[in-house]
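Trainee: I would like to go through this model with you. Please show me the sequence and structure.

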Amino acid sequence: MSQATDVISKAVEDKADSLQELSGKIWSHPELFFEEKFAHDTLTEFLEKNGFEVERKYKVDTAFKAVFRQGSGGANIGLICEYDALPDIGHACGHNLIAESGAAAAIGLKAALEASPATSGTVTLLGTPAEEGGGGKILLINAGAFADIDVCLMVHPAAMNMMATGCLSYMAGNVVFTGKAAHASAAPWDGINALDAVVNAYTALSTLRQQIHTNWRINVIITEGGVKPNIIPEKAALAFSLRAPTDKELAVLKGKLADIVKAAALATGCEVDLQFAVDDRIAYYSNMIPNKQLVERYRQHWLSFGPADSTITPDHFWASTDMGNVSLEVPSIQPTFNIGTAADVHTRDFTETTNQPKAHAATRCVSKAMAAVGWDVLTDSALLKEIRESFQQQLASLNE
Ligand SMILES: [Zn+2]
Ligand SMILES: [Zn+2]
C-alpha cells in the first residue's frame, strides 16, 4: 500500500513541470462553455504523449476520453477534467487546475498499475466541457459515458479544504410578461404595465424567502423593464435561479415560483411566458451526494501527502455543479481544496491565484490523493462493495 502511494507521488512530482505548463496554457487561453477547443486539443495531446488511449471529441465536440487499461477485468476508476472559463474574468473557477488534477491523478494511478503488473483495472479520464452553464456532464451521462465507470473522482479549487462538499440542485429560467404600450401621460389607462408584473413577481419571490428552508435559494434579476418612462412598458422580463438540497425539494420551489408569476400576470392583466430551462443545453444540475467511503479514503490520503494547508472546513452546501448529476449515477466525490488564497471562486483575485506555483503544488497534492483512492478501489473488492452499498442507501434516502 505505502509502496503504491510512493509510486503515485513520484510519478506526479516527476511530471510537475509539464503539468504546470499544461495548466498554464489553459489558464492563458480561457474559453467559454462548449468553445473549449484549445483546452481539448492541448489536453488530448498531452495525455496521448503520456501513454493514454485518447478518444477526441468524445460524444460532445469539446469532450474527450483518455483510457489506460491493464489486464482484463478489475474496476474502472473515473477521473474528471473540467476546463471551461468565465466571461471577462477568465479561469476564476480554476478549471485549469481541475484539468491539471485529472491529468495528474490519471498519470499517478497509471504508474501504480504499471508498477504492479498482476493488478487489473482501468483508468478512465473524461474531459467534461461546459460546467459553467451547459451541463457537459449531463450530455455525457445521457450518451452513456459513465455507464461502465465504477467510481468517479474529481476535486475543485477553492479558498478552503472541504471533504464532503455539498452542492445544491439548481435550475435557471426566464419569465417574460407582455402587456400593452400606451402614452404614460395622455392615456395611461389604456396601457397594461408589464414592469408592474415583474415588480409584483420580484416582491412576492423576495417575501417568499421568509418561509423557505434555510438551504433553499431564490435569486432574481430584472433583465428588461421598459424603454422610456413616457411609454407604459409593454414588455418586461426577469431571470431567476432556484436551488435546494435535493431535486425533490427543488420541484416544490419551482411550483411556488410558477404560482407567483401567474399571480403577478393576473394582478396586472399581462400575459406571461415562463421558461424553465430544463433542456440539455441549459443548466439543470442535481445535488451532489458525496460517497462516504470515498470521502474518508480521500481525507486520509490527502493528509498523508502533506498539503500546505491541512485545515478542514466543516461540510456545508457550496455551489451547484453538473458533477451532482454524476454523483447520482456513480459513487463520486468532489472535495474542494485550498489553493492558497482567501478569495472566493468567480473573483479576479481567484483567477490570479489559479496559475501560481502554490496552486499547482496544492493541485498535485489532491491529485495524488485521488490516485491513491483509485488504487484502494482497484485493489480492495470489499471496499468497492461497501461503496456501492452506501451509494444505494444514499440514493434511497433522497426519495424518502
Ligand atoms: Zn464556477
Ligand atoms: Zn467550477
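Trainee: Which residues coordinate the zinc ion (ligand 1)?

Mentor: First, the ground rules. This is a predicted model, where local features need pLDDT of at least 70 and side-chain atom pairs count only at pLDDT 80 or more, while totals for chains, interfaces and linings use all residues. Residues are numbered from 1 along each chain as written, chains are lettered from A and ligands numbered from 1 in written order, and side-chain values use heavy atoms, without hydrogens or water. Donors are N, O and S atoms within 2.8 Å of the metal (3.2 Å for Na, K and Ca), and with water not among the atoms, sites may look incomplete; at 1.9 to 2.2 Å, the residues are Cys93 (SG), Glu132 (OE) and His346 (NE2).

Trainee: Which residue coordinates both zinc ions?

Mentor: The zinc ion (ligand 1) and the zinc ion (ligand 2) lie 3.2 Å apart. The residue that coordinates both is Cys93.

Trainee: Is Cys93 buried or exposed?

Mentor: Buried means under 20% relative accessible area, exposed over 50%, and partly exposed in between (1.4 Å probe, protein chains only). Cys93 has 6% relative accessibility, so this residue counts as buried.

Trainee: What is the class of His346?

Mentor: The relative accessible area of His346 is 38%. That makes His346 partly exposed.

Trainee: At what angle do helix H2 and helix H11 pack?

Mentor: Helices (H or I, at least four residues) are DSSP runs, numbered from the N terminus. Axes are lines fitted to C-alpha atoms over the stretch in contact, and angles run from 0 to 180 degrees between N-to-C directions. The axes of H2 (residues 16-28) and H11 (residues 357-379) are 11 Å apart, and the angle is about 115°.

Definitions and conventions: Helix = DSSP H or I, 4+ residues; strand = E, 2+ residues; numbered from the N terminus.
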